[in-house]
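Morning, everyone. I have one model to go through today, so let me put it up.

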Amino acid sequence: MTKRAAGWLSWVAAAMLVVVSPQAGAQQKGQAARAAGTPPAAAAKPAGPSYAERFAGLCAACHGANGRSTDPLTPVLAGQPSLYAITQLFLFREGRRPNEAMTAVAKTLTDDDMRGFSDYIGTLPAVAPPPPATPPDAARMARGQVLAEHHKCFFCHGPALAGGQQVPRIAGQHEQYLHDTLRGFHSGKRPGYTQAMTAAVSTIPVEDLDALAYFVARFPGPAGGK
Ligand code: HEC
Ligand code: HEC
């Protein structure tokens with residue numbers, strides 16, 4: 001491991017001491033409030049394009065100008081905590097989260113860039129998904145709710161599934177992306193930064209992962225609408 005990567009690991013590890021708690025949602029509200037009082041990158045970047053401008057030029061084509069992507073396999077970044085975003089950029093750059101497109105992007109980023117883009121992502125308010133063409137299937141939603149409670153999804157991702165700190169917002173994420181990424185944790189293809197998700201899904205039958213993806217994508221809580 002490079003010295004720089006080791007530095008990163010300890011930085012992220014220190015930040016992760018605040019780990020997983022049922023207050024994840026509340027923590028994120030605090031983060032949003034702080035972000036609202038600090039315009040992104042105003043102090044750090046006197047010259048050159050801001051990270052908002054660089055996001056528009058480099059990332060928006062795939063992730064959407066407001067962070068709500070339209071492609072079902074490209075995750076929504078709007079409403080994602082900055083600590084989660086920086087951890088994932090780090091994993092892509094180190095090749096520990098496999099995805100060609102994102103690894104190619106992440107390899108061009110310096111540590112300062114990863115911080116700048118992640119801080120900017122942390123300022124993007126959550127955007128509700130477009131209204132569904134057909135109303136959610138009540139039986140599948142009920143099944144998803146039972147599974148989510150049983151497997152403690154709310155415990156770590158918060159009562160609104162809005163995440164916080166290094167735990168991602170999952171409410172309103174694209175169903176297809178959720179479907180694939182849950183399978184990735186299940187098969188070990190996506191190892192995760194910690195074992196949290198691998199452990200959470202390892203005992204869940206694959207067909208139940210589909211019910212969870214269906215439910216989370218349509219989650220009716222405040223996060224979907226906020
Ligand atoms: C060519 C399209 C493309 C571009 C350009 C792109 N991304 Fe991505 N990004 C993706 C895809 C696809 C994924 C999901 C990868 C996977 O399935 O593991 C992703 C994942 C991510 C994630 C992890 C999100 C999550 O929910 O886990 C972050 C953070 C991210 N991108 C940030 C950025 C930033 C910042 C930029 C610009 C510097 C950028 N991306 C440019 C396609 C792109
Ligand atoms: C012990 C805490 C914990 C539990 C329980 C948990 N998660 Fe997670 N989840 C996390 C963490 C931490 C991450 C970030 C993964 C990493 O390490 O890179 C994550 C990541 C995810 C992601 C990836 C999001 C993205 O944008 O790529 C999805 C989807 C997800 N969790 C869904 C669920 C579901 C559904 C459940 C319930 C079956 C669940 N999680 C239970 C902690 C947890």
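Around ligand 1 there are 19 residues, and Cys 59, Cys 62, Pro 75, Asn 99 and Phe 117 come nearest; a residue is near a molecule if its C-beta atom, placed from the backbone, lies within 6 Å of it. Helix H4 (60-63), H5 and helix H6 (100-107) each give two or more residues to that shell. Helices here are DSSP runs (H or I, at least four residues), strands are E runs of at least two, and both are numbered from the N terminus. By class, the shell around ligand 1 has 14 nonpolar, four polar and one charged residues. Nonpolar means Ala, Val, Leu, Ile, Met, Phe, Trp, Tyr, Cys and Pro, charged means Asp, Glu, Lys and Arg, and the others, Gly among them, count as polar.

Before I go on: this is a predicted model, where local features need pLDDT of at least 70 and side-chain atom pairs count only at pLDDT 80 or more, while totals for chains, interfaces and linings use all residues. Residues are numbered from 1 along each chain as its sequence is written, with chains lettered from A and ligands numbered from 1 in the order in which they are written.

Now ligand 2. This one is surrounded by 26 residues, the closest being His 151, Cys 153, Cys 156, Gly 192 and Tyr 193. Two or more residues each come from helix H9 (153-157), helix H10 (175-187), helix H11 (196-201) and helix H12 (206-217). The shell around ligand 2 splits into 18 nonpolar, seven polar and one charged.

As for the fold, the protein has 13 helices and zero strands.

What about the core? The largest nonpolar core has 40 residues, and Leu 89, Leu 161, Leu 212 and Val 216 have the most contacts inside it. Such a core is a set of buried Ala, Val, Leu, Ile, Met, Phe, Trp, Tyr and Cys residues joined through C-beta atoms within 7 Å; buried means 20 or more other C-beta atoms within 10 Å of the residue's own, placed from the backbone. H5 gives the largest share of this core, eight residues. At least three core residues come from each of domain 1 (3-123) and domain 2 (138-225), with bounds from an automatic or database domain assignment.

Leaving aside neighbours within four places in sequence, Leu 212 is in contact (C-beta atoms, placed from the backbone, within 7 Å) with Gly 144, Leu 147, Ala 148 and Leu 182.

Last, confidence. The average pLDDT, the predictor's confidence in each residue from 0 to 100, is 84, and 77% of the residues score at least 70. Over residues 5-38 the pLDDT is below 50.

Methods
Buried ≥ 20, exposed ≤ 12 C-beta atoms within 10 Å, placed from the backbone. Contact = placed C-beta atoms within 7 Å.
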